[in-house]
Amino acid sequence: MKTVVVLAGGPDPPTGFALPAGATVIAADSGAELGFRVDLAIGDFDSISPETLASIERIEQYPPDKDATDLELALAAALRLEPQRILVVGSAGGRLDHLVGSLLLVAGDSYSGVQVDAQLGAAAVHVVRGGRALYGEPGELISLFAVHGPAEGVVTDGLVYPLRGETLESGSSRGTSNAFAAAVARVSLARGVLLAVRPSGSVEAGSSS
């Protein structure tokens, strides 16, 4: 699977994370400080050291006054590479507005044709459209959140509390604090988009459409 990794930065990046083999790596500004190799850095570079910036061969610099975050610009560059998967790597801490904006962003319609995952600190996030199989540990927590509108016809298999064709409303806590009942959980929906959030999960455990 052709993968583009987008480095989002932040104060508590994931530990022990390894880049997928053959992935192209795009850094959103201070994401370049995470210690991974970088193929392209994008942003206004207001939060990156001059030394790190000078070490990157390809950059796209934007003015500070712009209508998109550095992460959104990096994701747009990732889409231009026509990947099958985009993996966002960064922090679950730092500014709350940045975190909320990032989660809403990756679930946006612009990325509907790509498998999108994120490793944000110790948490794994999977964007679910149509259906996906998610791999975890029995007992591991997982929450399902409808974003950008209701998620209709939600069906789960392999979770402790199953859903059988139900609707999860955006803004509802109905899908919070479920758990894996087996090593593989399948989540499908007829319409809408879900964020599957695993507070102590790893995207390296795998997932599939």
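Predicted model: local features only at pLDDT ≥ 70, side-chain atom pairs only at ≥ 80, totals over all residues.

Reply: Asp-97 is partly exposed, because its relative accessible area is 46%. Residues are numbered from 1 along each chain as its sequence is written, and side-chain values use heavy atoms, with hydrogens and water left out.

Asp-97 has a partner. Its side chain meets that of Arg-95 in a salt bridge, at 2.5 Å from N to O. The term has a cut-off: a side-chain nitrogen of Lys or Arg must lie within 4 Å of a carboxyl oxygen of Asp or Glu. Side chains of opposite charge can pair when their charged atoms come close. The whole structure holds 11 salt bridges.

Now take Asp-109 and Arg-129. Their side chains form a salt bridge with an N to O distance of 3.9 Å. This pair links distant parts of the chain, 20 residues apart. Asp-109 is in the loop between H3 and E6, while Arg-129 is in the loop between E7 and strand E8 (131-135). These labels come from DSSP runs, numbered from the N terminus: helices (H or I) have at least four residues, strands (E) at least two. Asp-109 counts as exposed because its relative accessibility is 64%. Arg-129, at 25%, counts as partly exposed.

Next come Glu-152 and Arg-191. Their side chains meet in a salt bridge at 2.7 Å, N to O. This pair also links distant parts of the chain, 39 residues apart. Glu-152 sits in strand E10 (residues 151-157). Arg-191 sits in the loop between strand E13 (184-188) and strand E14 (194-198). Glu-152 is at 26% relative accessibility, so it counts as partly exposed. Arg-191 is at 54%, so it counts as exposed.

Salt bridges can also join up. Asp-44, Lys-66 and Asp-70 are linked in a network of them.

Technical notes
Buried < 20%, exposed > 50% of the residue type's maximum accessible area, 1.4 Å probe, protein only.
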